[in-house]
Amino acid sequence: MTSETSFDTLDSLKADIALLIDRLPTLKNRQFIKQALTTIVRLAEGEIDRLDWKILSASLTDMEQGFQLFHAYRHVRKVTIFGSARLSPESPEYRMAVEFARYVTGMGFMVMTGGGGGIMQAGHEGAGRENSFGLNIQLPFEQEANPFIQGDPKLINFKYFFTRKLFLLKESDAVALFAGGFGTQDEAFECMTLSQTGKFGPVPLVLIDHPGGDYWRSWSEYIDKQLVQKGLVSPEDPCLYTVTDNLDVACNAITRFYQVYHSSRYVGDRLIIRLKTDLSDAEVEQLNANFSDILVNGQIEKTHALPQEGQDEAVGLPRLILYFNQRDLGRLYQMIAAINRIGTPSPEDAAHPERK
């Protein structure tokens with residue numbers, strides 16, 4: 001690069017930054033853009049290594065392509081499929097994953113996988129290219145994308161595992177886990193840990209064996225014996241997931257989760273639960289009677305969108321508001337299940353659980 005080219009690039013960057021700062025007061029997310037720019041300025045004024053800057057730059061590039069891809073699909077719920085890359089198309093686990101992906105996409109959901117072979121390939125085979133996202137990883141020995149997603153614009157190649165995992169979970173509205181090795185076990189326990197601590201979800205987690213298989217059933221027995229019975233996790237924590245070898249049970253666990261429940265977020269120290277349809281006063285009283293143990297104070301109450309939710313796309317939905325203790329996530333999942341049982345979704349919502 002010549003000095004003239006360098007100066008031209010620098011001048012262009014200065015112009016872009018000046019334009020951004022000039023527009024900042026009118027941008028919708030100006031406070032977060034300002035925070036990001038301020039952080040970069042602080043780093044530039046400090047002492048960090050060249051490698052740190054390379055990591056920061058590459059991470060932002062990874063996230064940029066992820067944000068841009070998924071923005072167009074933000075109103076469609078997606079199911080992330082994890083499982084072994086080593087299972088062949090002849091294995092019962094592979095065939096089960098194909099059928100599962102075909103089933104959930106038939107109900108309107110889309111499917112995400114890591115983009116490789118085995119169970120990941122099965123997910124894309126069942127979902128079809130038009131309903132698939134592939135989130136691949138750049139490796140020295142080159143993990144190629146499977147033929148069902150190769151060349152599709154919804155295939156992303158990430159530099160870092162952590163940015164890849166961020167999008168596999170951030171963009172997911174349900175997680176389905178099939179048999180796998182260390183990587184699948186890591187993904188399973190990370191999903192459990194993030195769900196148990198409230199850093200992910202709530203979303204349905206489904207652990208799927210092939211008919212008659214015992215991979216996840218044996219895993220669940222280990223969890224009960226070594227973790228639940230020894231008090232290392234709460235007795236309600238197994239409510240975070242469903243173990244089954246039946247496709248109807250697996251798919252119903254996902255669709256039922258979004259029958260009445262829509263989503264949730266915190267506003268200050270209060271949990272806001274958005275609903276697709278309003279609950280009656282009697283139904284809310286029933287929730288208070290059954291779940292008062294998870295409240296720090298006050299009661300579960302109905303509410304409209306708070307002022308802090310003004311830019312929320314779900315601003316028109318009915319809501320519940322509560323001071324959740326942010327500890328008993330298994331009980332929160334039980335309450336969401338109760339909401340879906342006692343509420344009555346509209347025929348439109350019942351027919352389209354995939355719509356956000």
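Colleague: Which element gives the most to the lining of the second largest pocket?

Modeller: That's H7, with five residues. Keep in mind that this is a predicted model.

Colleague: Okay. What is the volume of that second largest pocket?

Modeller: The second largest pocket comes to about 610 Å³. It has 24 lining residues, and the closest to its centre are Gly83, Ala85, Met120, Gly183 and Glu187. Besides H7, strand S1 (78-82) and H6 each give two or more residues to that lining.

Colleague: And what's the lining like by class?

Modeller: For the second largest pocket, you get 10 nonpolar, nine polar and five charged residues.

Colleague: Now the largest pocket. How much space lies in there?

Modeller: About 1,600 Å³. The lining of the largest pocket runs to 37 residues, with Arg74, Lys170, Arg274, Glu313 and Lys356 nearest the centre.

Colleague: How many of the residues lining the largest pocket are charged?

Modeller: 15 are charged, alongside 12 nonpolar and 10 polar ones.

Colleague: Switching to salt bridges. How many does the structure hold?

Modeller: There are 16. In general, side chains of opposite charge can pair when their charged atoms come close.

Colleague: What about a pair that links distant parts of the chain?

Modeller: Take Asp278 and Lys302, whose side chains meet in a salt bridge of 3.9 Å, N to O. Asp278 is in the loop between strand S9 (270-275) and helix H10 (281-291), while Lys302 is 24 residues away in strand S10 (residues 301-303). Asp278 has 45% relative accessibility, so it counts as partly exposed. Lys302 is partly exposed as well, at 35%.

Colleague: Is Arg331 buried or exposed?

Modeller: Buried, because its 14% relative accessibility falls under the 20% cut-off. Asp293 is partly exposed, with a relative accessible area of 42%. Elsewhere, salt bridges with shared partners join Arg77, Asp173 and Lys356 into one network.

Colleague: What about the surface: which residues make the nonpolar patch?

Modeller: Leu10, Leu13, Ile17 and Ile21 make a nonpolar surface patch of about 350 Å². Leu10 is in helix H1 (residues 3-23), and with 38% relative accessibility it counts as partly exposed.

Colleague: Last topic, the backbone. Which peptide bond is cis?

Modeller: The one from Gly201 to Pro202, with omega near 5°. Pro202 is in the loop between H7 and strand S6 (205-208).

Colleague: And what is phi of Gln326?

Modeller: It's near 60°, a positive value in a residue other than glycine. Gln326 is in the loop between strand S11 (319-322) and helix H11 (329-342), and it is partly exposed, with a relative accessible area of 44%.

Definitions and conventions:
Residues are numbered from 1 along each chain as its sequence is written. This is a predicted model: local features need pLDDT of at least 70, side-chain atom pairs count only at pLDDT 80 or more; totals for chains, interfaces and linings use all residues. Side-chain values use heavy atoms; hydrogens and water are left out. On a 1 Å grid over the protein atoms alone, a cavity is a set of points where a 1.4 Å probe fits but cannot get out, and a pocket is an open set with protein on both sides within 12 Å along at least five of seven lines; lining residues have an atom within 4 Å of a point. Grid points are joined across faces, edges and corners, and a volume is the space filled by probe spheres set on the points. Ala, Val, Leu, Ile, Met, Phe, Trp, Tyr, Cys and Pro count as nonpolar, Asp, Glu, Lys and Arg as charged, and the others, Gly among them, as polar. Helices (H or I, at least four residues) and strands (E, at least two) are DSSP runs, numbered from the N terminus. Patches are made of residues with over 30% relative accessible area and no salt bridge: like charges are joined within 9 Å, nonpolar side chains (Val, Leu, Ile, Met, Phe, Trp, Tyr) within 5 Å. Accessible areas come from the Shrake-Rupley method with a 1.4 Å probe; for residues, only the protein chains shown count as cover. A salt bridge is a side-chain nitrogen of Lys or Arg within 4 Å of a carboxyl oxygen of Asp or Glu. Buried means under 20% relative accessible area, exposed over 50%, partly exposed in between (1.4 Å probe, protein chains only).
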